[in-house]
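Hi,

Here is the structure I promised to pass on. Have a look at it first, and my notes follow below.

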Amino acid sequence: MDAKVRVRFAPSPTGGLHLGGVRTVLFNYLFAKHHNGEFILRIEDTDQSRFVPGAEQYILDTLAWCGLSPDESPVHGGNYGPYRQSERKANYKKYADQLIAQGNAYYAFDTPADLEAKRAEVPNFQYSRTHRMEMKNSISLSATEVESLLKNNTPHVVRIKMPENEEVIFEDIIRGEVSFDASTVDDKVLLKADGMPTYHLAVVVDDHLMKITHAFRGEEWLPSAPVHILLWKYLFGLDQMPKWAHLPLILKPDGHGKLSKRDGERLGFPVFAMDWTDHITKENTIGFKEKGFLPEAFINLLALLGWNDGTDKEIFTMEELIASFSLDRVHKGGAKFDYEKAKWFNQEWIKRMDNEKLSRLVQPYFDKAEIEIHEHDYLVKIIGLVKERCHLLPDFITQSAFFFKAPTTIDTASITPKWEAKKQQFFEALVKIYSDHIIADKQTIPAIELEAHFKELAALHELKPGELMLPFRIMLVGGKFGPGVFEIVEAIELKDATSRIQYCLQILSTN
RNA sequence: GGCCGGUUCGACUAUCGGUUAGGUCGCCAGGUUUUCAUCCUGGAAAGACGGGUUCGACUCCCGUACCGGCUACCA
């Protein structure tokens with residue numbers, strides 16, 4: 001039987017994790033869990049010039065928030081560590097040497113300045129068979145020259161020698177057969193002058209050493225696939241190579257191109273999973289988490305960007321995704337990100353979520369808005385009352401603040417045009433009745449009874465309840481929104497309701 | 001420029017040769033809600049183009065167009 005499924009997500013820790021990155025993690029995770037396999041997090045920090053402090057922790061935090069916990073990682077450990085490529089540096093040279101010995105790679109001594117000059121001189125310069133002999137390397141130079149350069153520790157890189165008449169063909173799980181003429185691809189650098197491998201060498205060596213069975217990555221990697229295939233062939237044999245799948249890109253909602261951080265800023269939506277603060281500029285980029293998305297919704301919407309189960313089902317739990325995920329239902333084409341639909345997913349998840357659980361998630365937003373919650377049970381109850389009108393977590397503040405303190409702004413403009421003495425008298429009578437209840441030690445009354453009393457009183461004053469409802473609502477919540485008025489009165493209790501009515505009557509009489 | 005990939009309503013997508021091309025978001029209209037939201041009903045809205053193959057093509061093949069990705073000692 002086939003070996004146990006092992007997949008990896010291999011980000012370089014350079015900044016916030018964006019939608020596309022998280023989706024790549026998700027597909028890796030779902031595939032692994034679907035096949036009872038293992039999901040590995042490997043940090044590809046081979047470019048020391050791009051090291052960003054905190055970025056690795058951010059990736060870990062993001063995976064934790066999303067519920068995509070790795071089985072092996074720099075912090076979770078595992079039998080194939082270390083899981084940071086910078087700590088695996090010693091591994092790579094051996095393989096580079098092997099490639100050179102086999103004639104599949106060579107030393108190149110060109111300085112960055114040499115390369116720059118050559119690029120300026122030759123339009124569309126490629127370091128390949130067309131110009132290889134014009135450069136300074138162990139193919140163009142004599143053996144003695146190379147030896148002395150090496151002996152003098154002349155800075156050099158190792159480049160793969162792309163074959164001349166070879167068609168590189170491989171099977172992509174999503175795209176089917178893909179082929180390249182190897183001679184059109186340039187001689188990629190494998191080992192840099194600082195001794196660190198480039199992605200090309202590192203990914204092949206580590207996938208082999210970590211026994212990766214399936215390698216998934218974004219479509220932007222497709223053009224360099226022939227380099228990786230060749231490396232597998234030269235180093236470990238094609239029969240050992242993982243199965244590849246190049247995932248479709250997530251595109252800008254408007255216009256064209258890959259979704260980027262700037263699109264989010266421009267169009268007003270998050271692109272990163274969580275808040276990310278640039279360590280140099282201190283500029284903060286908002287994340288889906290902080291914007292008020294539920295991780296369940298975030299995962300759900302990401303899963304449906306480029307995949308579906310073939311039915312009309314759109315709301316999936318993680319368990320359901322694991323059960324039904326399959327790579328052959330992943331699309332080939334990129335998907336434009338639609339923030340409106342993203343919010344819809346979140347709303348659906350808010351509606352489904354347990355009030356108690358929701359209350360714990362919403363509490364921080366109340367704290368931030370400086371709205372004091374005296375009783376937790378009261379908050380839970382209010383959440384149940386307003387949840388279906390909230391798309392994002394902060395919506396709970398605007399939708400329910402009036403349950404905790406009297407509204408600060410009152411839309412009196414919607415009352416005054418039809419305000420009259422009769423109505424004034426009605427509300428004064430209502431205040432009297434509520435006050436009597438309070439004196440009788442009744443702090444609140446069930447909504448149904450409140451409504452019945454209200455209607456009786458209206459009839460007594462020869463007014464239709466309909467003309468009183470809107471003013472009443474505005475007195476209580478400040479505007480034309482919110483749950484049923486009598487439910488509100490029941491919740492905020494008579495004392496509070498009374499003072500809100502009185503406050504408004506005062507404003508209305510002075511106008 | 002070169003190489004590679006992609007193309008169904010505005011967006012996400014179903015369809016694996018035979019359908020009035022379906023669903024969801026958004027949009028519009030109506031109902032419910034004596035408010036808003038929810039919810040319900042209805043509506044507008046799509047196979048890039050041109051050739052084949054076939055009794056029959058959204059579906060298979062070729063070409064064109066358009067879009068995207070890559071083309072660093074970055075990943």
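Let me start with L235, which counts as buried because its relative accessibility is 10% (buried means under 20% relative accessible area, exposed over 50%, partly exposed in between, with a 1.4 Å probe and protein chains only). Before going on, the ground rules: this is a predicted model, where local features need pLDDT of at least 70, side-chain atom pairs count only at pLDDT 80 or more, and totals for chains, interfaces and linings use all residues. Residues are numbered from 1 along each chain as its sequence is written, chains are lettered from A and ligands numbered from 1 in the order in which they are written, and side-chain values use heavy atoms, with hydrogens and water left out.

L235 lies in helix 7 (helices, H or I with at least four residues, and strands, E with at least two, are DSSP runs numbered from the N terminus). Leaving aside neighbours within four places in sequence, L235 is in contact with Y95, Q98, L99 and L201, contact meaning heavy atoms within 4.5 Å. L99 is 136 residues away along the chain, yet the C-alpha atoms of L235 and L99 are separated by 7.3 Å.

Outside the four places on either side in sequence, H228 touches Y199, H200, V203, V204, R217 and W244. After helix 7 comes G237, with a positive phi near 95 degrees.

Now for the surroundings of that helix. Strand 8 (residues 214-218) has five of its five residues buried, so the rest of the structure largely encloses it. Strand 8 and strand 9 (residues 243-247) run parallel and are joined by five bridges (two strands pair if DSSP finds at least two bridges between them). In that pairing, G218 stands opposite L247 of strand 9.

Three strands form an open sheet in the order 3-4-7, with antiparallel pairing. Strand 3 (105-108) and strand 7 (189-191) are at the edges with a single partner strand each, so one side of each has no neighbour in the sheet. On average, neighbouring strands of this sheet are turned by 45 degrees against each other, direction ignored. Strand 3 and strand 4 (residues 157-160) run antiparallel and share four bridges, with A108 standing opposite V157. A108 belongs to strand 3 and has 0% relative accessibility, so it counts as buried. Not counting residues up to four places away in sequence, A108 touches Y127, K136, N137, H156, V157 and R159.

A hairpin of three residues leads from strand 5 to strand 6, and the two pair in the antiparallel sense over six bridges. F180 is the bridge partner of V168.

There is also a helix pair to look at. The axes of helix 17 (residues 447-460) and helix 19 (residues 485-510) come within 8 Å and cross at roughly 110 degrees (axes are lines fitted to C-alpha atoms, for helices over the stretch in contact, and angles run from 0 to 180 degrees between N-to-C directions). The two helices are therefore roughly perpendicular, a term that covers 65 to 115 degrees. Helix 17 brings A447, L450, E451 and F454 to the contact, and helix 19 brings F486, E487, V489, E490 and L494.

Finally, some backbone spots to check. G81 and P82 are joined by a cis peptide bond, with omega about -5 degrees; P82 is in the loop between helix 2 (55-66) and helix 3 (89-102). N36 is not a glycine but has a positive phi of about 55 degrees, and at 63% relative accessibility it counts as exposed. E462, not a glycine either, has a positive phi of about 55 degrees and counts as exposed at 67%.

Cheers

Note on methods
Angles under 35 degrees count as roughly parallel, over 145 as roughly antiparallel, 65 to 115 as roughly perpendicular and the rest as oblique.
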